[in-house]
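Dear colleague,

Please find below the structure that I am handing over to you, with its sequence. My notes on what was found in it follow directly after.

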Amino acid sequence: MKYHSINELLKNNQTWVAEKLALEPDYFEELSTGQTPHFLYIGCSDSRLPLTNFTRTEPGELFVHRNIANQVSLTDINFLAVLEYAILHLQVKHIIVCGHYDCGGIKAALEWRTIGIIDNWVNPIRELYLQHKAEIDALPSRIERLNRLAEINVVAQVKNLYQTSIMRQALYEGNAPMVHGWLLDIRTGLIKDLNVSTVQWQLYQCPLLLC
């Protein structure tokens, strides 16, 4: 893999702008008028995962939140602010929780190799492993165990979305976006839709309140 210098990044930007303007003279003027993305993308901070490349999307199509191991943390004010803005103001139609195979955060959680803040951050994934220990440990190889935990983690983060007050309010008002759980395989570049069923996490009226 070729790595660029900081000066090359600036030169690449100038080249890209020139190419865009040659094809669409009004491209940046239109881009500057505002954003109306249909997708909120919640992904991992891994440098190998620019989803715009993998999905061939343009600036303005994806509203993005990224952190280590694509966590939907109910105590992360940064994430909650992004979610609220995406649902209430941008009115996104879809939320994509996208994990990936060969995830360093998953490895850290499964193999107990971290210290400090990262250890605290991945602890919920470690708890997922303990909940599914028998299933994961029964798999024959390290890669399969890591991959399975990555999949379980995505499903758990989709579930966490439905625990937020922002999402519950959107469900109550009938304008909640659709939620998708994806896994990106870096070895192939392909995205796998986990087809996570969210029916069991939808908002239902409490029988005690119907009287």
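Of the 211 residues of the protein, 38% count as buried, where buried means under 20% relative accessible area, exposed means over 50%, and partly exposed lies in between (1.4 Å probe, protein chains only). The model is predicted, so local features need pLDDT of at least 70 and side-chain atom pairs count only at pLDDT 80 or more, while totals for chains, interfaces and linings use all residues. Residues are numbered from 1 along each chain as its sequence is written, and side-chain values use heavy atoms, with hydrogens and water left out.

Overall architecture

The protein exposes about 13,000 Å², of which carbon and sulfur atoms supply 56%; accessible areas come from the Shrake-Rupley method with a 1.4 Å probe, and for residues only the protein chains shown count as cover. Along its principal axes, the C-alpha trace spans about 60 × 50 × 30 Å. The secondary structure comes to nine helices and five strands. These elements are DSSP runs numbered from the N terminus: helices are H or I with at least four residues, and strands are E with at least two. In order from the N terminus, the elements run α-α-β-α-β-α-β-α-α-α-α-α-β-β. Among contacts with a separation of 6 or more, 65% are accounted for by residues 24 or more positions apart, a contact being heavy atoms within 4.5 Å.

Helix H5

Helix H5 covers residues 104-111 and is mostly covered, six of its eight residues being buried. The buried residues are Gly105, Ile106, Lys107, Ala108, Ala109 and Leu110. What covers them includes helix H6 (116-131) and helix H8 (142-161). Just after H5, Trp112 takes a positive phi of about 55°.

Further positive phi values

Two loop residues also deserve a note. Arg56 is in the loop between helix H3 (51-55) and strand S2 (62-67), and its phi is near 55°, a positive value in a residue other than glycine. Arg56 is exposed, with a relative accessible area of 77%. Ala69 lies in the loop between S2 and helix H4 (77-89). Its phi is near 65°, again positive in a residue other than glycine, yet Ala69 is buried at 0% relative accessibility.

The loop between S2 and H4 also holds Ser73. At 15% relative accessibility, Ser73 counts as buried. Leaving aside neighbours within four places in sequence, Ser73 is in contact with Phe79, Leu80 and Trp121.

Cysteines

How many disulfides does the count come to? With a disulfide taken as a pair of cysteine sulfur atoms within 2.5 Å, the count is zero. Cys44 is in no disulfide, and the nearest cysteine sulfur, that of Cys103, is 4.1 Å away. Cys44 is buried, at 6% relative accessibility. The sulfur of Cys98 is too far for a bond because the closest cysteine sulfur, in Cys44, is 9.4 Å from it. Cys98 is likewise buried, with a relative accessible area of 2%.

About 160 Å³ of space lies in the largest pocket. On a 1 Å grid over the protein atoms alone, a pocket is an open set of points where a 1.4 Å probe fits, with protein on both sides within 12 Å along at least five of seven lines, and lining residues have an atom within 4 Å of a point. Grid points are joined across faces, edges and corners, and a volume is the space filled by probe spheres set on the points.

The lining consists of Ile87, Leu88, Gln91, Val92, Lys93, Glu173, Asn175, Ala176 and Pro177. By class, it has five nonpolar, two polar and two charged residues; Ala, Val, Leu, Ile, Met, Phe, Trp, Tyr, Cys and Pro count as nonpolar, Asp, Glu, Lys and Arg as charged, and the others, Gly among them, as polar.

Ile87, one of the lining residues, is found in helix H4 and is buried, with a relative accessible area of 7%. Apart from neighbours within four places in sequence, Ile87 is in contact with Ile95, Ile166, Met167, Ala170 and Pro177. The C-alpha atoms of Ile87 and Gln14, 73 residues apart along the chain, are separated by 34 Å.

Pro124

Pro124 is found in helix H6 and is partly exposed, with a relative accessible area of 37%. Pro124 and Asp46 are 78 residues apart in sequence and 18 Å apart in space, C-alpha to C-alpha.

With kind regards
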